[in-house]
Amino acid sequence: SGSCQGNSVERKIYIPLNKTAPCVRLLNATHQIGCQSSMSGDTGVIHVVEKEEDLSWVLTDGPHPPYMVVLDGNLFNRKVMLQLKGTSRVSGLAVAVAKPSPPQGFSPGLQCPNDGFGVYSKDYGPQFAHCNKTVWNPLGTGLSYEDFHFPIFLLEDANETQVIKQCYQDHNVPRGGSEPQYPLCAMQLFSHMHAVTSTVTCMRRSSLQSTFSINPEILCDPLLDYNVWSTLHPINSSGKVEPEKEVVMVATRIDSHSFFWNLAPGAESAVSSFVTHLAAAEALRKVPDVHLLPRNVMFTFFQGETFDYIGSSRMVYDMEQDKFPLRLDNIHSFVELNQVALRSSSVLWMHTDPVSRMNESVAAQVRNLLDILSNSSRGANVTLQEVGFSQPLPPSSFQRFLRARHIPGVVLTDHQSAFENRYYQSIYDTPENIHVQYPEGLSPEETLEFVTDTAKALAEVATVVARALYQLAGGANSTSAIQADPRTVTRMLYGFLIKMNNSWFQSIIKPDLKGILGGVPQHYVAVSSPVNTTYLVQFVLANLTGTVVNLTKEECQNPEKAPSTEKEMYDYAWVQGSLEPNSTSRVPFCVRSTVHLSKALSPAFELRQWESTEYSTWTESRWKEIRARIFLVASKELEIITLVVGVVILLFSLLATYFINAKADILFSAPRDPSAVSY
Amino acid sequence: PALGLFLFTIARDPLRIIILIAGAFFWLVSLLLSSLIWFIAVRASNPQDEPLQKGLLIFGVMFSVLLQEVFRFLYYKLLRKAIEGLVALSDDGCSPISIQQMAYVAGVGFGLMSGAFSMINLLADSLGPGTVGIHGDSQLYFLTSAFMTMVLIFLHTFWGVLFFHGCEHRRWWEIAAVVIMHLTVSGSTFCNPLYVGSLVPSYLLMASAAAWAYLVSGGSAQNLRRFLLCK
């Protein structure tokens, strides 16, 4: 391994599998989840399992264990996985993506997401804790949170899956009832993870390494990224806002997860909500008297919410520790958008926290909030309905704010109790899941601009939210002119779900960040920050809510040197602009906006409390190489025969040479050349 | 077998070791030059054209064979010069090593280097869990490669003896026979994966080369009979 590609003998033996996604190990304060392989990879004889009956060959009947199971995507459920986990005859698993998505739904997430890190506990609303009242994700199997001792890979490319199945058909299928003959088709998966046990163990070992070793070997990294936030009226990002200034907070999450590393299409769980949020921000910005509104509006996009609310817990912590320009006292009300794309019969549900509403003043403010929202939906194709007192809040960033202060707030979703999303936090949460469909035969530019029905529906929701925010911020005029633009929504959906490298995204990013636009968009909060999604949300928000200013490139990139730029209030970005017609050069310009990034690293790592149960402690293990390949294995008999033949020839040749050498004078008579010397 | 030859006949005498290493080096240089020519030819040609690539490969192999024999001749010339030097240095006017012994050692040197080049990368790849065959090649690839390498080592040894003998006694037909035998053996490898087409002729040629080299070095049928009966 490691030799260059040109080695033709290696190419005769191995077929590398290039389009795969591994399952990696994640750790929290007490557990490890995910998969692990041995240091030099795990090898096994391939067995294709397409129906449940095929499993018995792997578990009991097959004569050549350990097996490497190639599983059909529809069988990737808890029952099968627990059977495979419990046996030692399985050395690894390769899952083939099910096309189309499994009709019965599939979710490897928990049934009660982020349980224990929200607001409900035995001290606050115990009847609602641990999903006693409402199971939010009933299809959840919890597979992402199991610990497997063998590697699991996803085969993304149908062609590679076909090559593997063909190899299996040619060599591994038993013929005529007898067992299959060697050589057999086998697969090897490499995904050795360095971290073990829990975050506590791993961080302790890493800190020992960095203290005492010259070349420290860090074993794991905490999951971290940046939250994106922006305000309607500019505020001093390095100063403090006075306590009497009130802010309405709007929040969404921008990340998702699936069983496999760096694969998180997150269409319904993340993209639908933050795209609606961005459209509402754009609509609100266009209101003419926005600078006269008494209250400010803060648009916040939290990263890392999938892993026990990394982003929101960090922002609350910063607000409490005075490290953020705003404090919790400044927050007047809170509006959060969770999954909003799968509205049935155009109903949007408003969730509130029943426990805090038992306080009269909070109840009155929440009532006011709900009425404003209902008013804003008149005239739009959205029906807002309240969820009753008997239900708690769904898993949302708002719960972290409630833990600190009883703020009046509402969470808007498309589901009344259980999620409408049947593929929550899985690889099947794709654009098809939210019915984003384009007609055939369109060019990429036309696809970018085509307004889908989903885009129109999300724009309706964004209109309602924008109107409500205007009224919440104290606006007095009529709101009928506030409309979200479906054309912006559809462009954002295309960019964040289908193809990041489109002309609009290319025109709004900084010139030195061209590399972030590549491949199919994935929204996993990784360990190197900021990820592509964070950058793009930042630039889209700046484009939609900022203004173009007439500064040169030097002034824009160094605003402290230019006069009257108020560097603390605004953020200046030199973006590369769109292509000139019929040319390859771009017209760059300077954008002034109030968009800022704030660090989203769990407070547990700031405080070095790695066993914390209050803050998220998720870390991702490090690894050296991850790859997969298939080849043929020979029988043990052939290997032994080869070795024995070699040893026999060696011994025989040694003996023969010795005897020939000893009796050389008999064999060779004196040569005619007089200058001979005897052997 | 090469290990046995080395241990029992070469390892004791430092002069023979030097000749062995120098011989191996000469073979290496010839391979380097021929691969350079082939590499340039391949780069300059169209990589998609299959018959052209096959033709270039055949040309490359033949050219390499001819270049190896040219280097064998150059090595012979060098060793002839060396013998004169050794005679001048010695006490009794006799060289400590004869040209036949040099021929034998040079042949072993060529063979060892050729064998190493043939087998080392195969051995490295055979360490992994897989074996040859997923694209349809024979499973016995490693075994047949090993046998082919063994026959080539022997052949190089015998060709060394024959070649030098032919140069010594001005018998050009011996030299030509060596070259033709080498070309035949290398050409037969194009029969692979029909291994019977390459291994069987090579072993037959090896037997005949062995017999010829034995006769040329002063052996005869009676000596052979005495050797076998004495045992």
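Contact means heavy atoms within 4.5 Å. This is a predicted model, in which local features need pLDDT of at least 70 and side-chain atom pairs pLDDT 80 or more, while totals for chains, interfaces and linings use all residues. Residues are numbered from 1 along each chain as its sequence is written, and side-chain values use heavy atoms, without hydrogens and water.

**Exercise 1.** Determine how α6(B) and α7(B) are oriented to each other and which residues meet.

*Solution.* Helices here are DSSP runs (H or I, at least four residues; strands are E, at least two), numbered from the N terminus. Step 1: the axes of α6 (residues 172-188) and α7 (residues 195-216) of chain B come within 9 Å and cross at roughly 160°. Axes are lines fitted to C-alpha atoms over the stretch in contact, with angles from 0 to 180 degrees between N-to-C directions. Step 2: angles over 145 degrees count as roughly antiparallel, so α6(B) and α7(B) are roughly antiparallel to each other. Step 3: residues of α6(B), among them Trp173(B) and Met181(B), meet residues of α7(B), including Leu205(B) and Trp212(B).

**Exercise 2.** Describe the interface of chain A and chain B.

*Solution.* Step 1: chain A gives 40 residues to the contact and chain B 43 residues. Step 2: the buried area (accessible area, 1.4 Å probe, lost on putting two parts together, summed over both) is about 3,700 Å², with 67% from carbon and sulfur atoms.

Conventions: Chains are lettered from A and ligands numbered from 1 in the order in which they are written. Angles under 35 degrees count as roughly parallel, over 145 as roughly antiparallel, 65 to 115 as roughly perpendicular and the rest as oblique.
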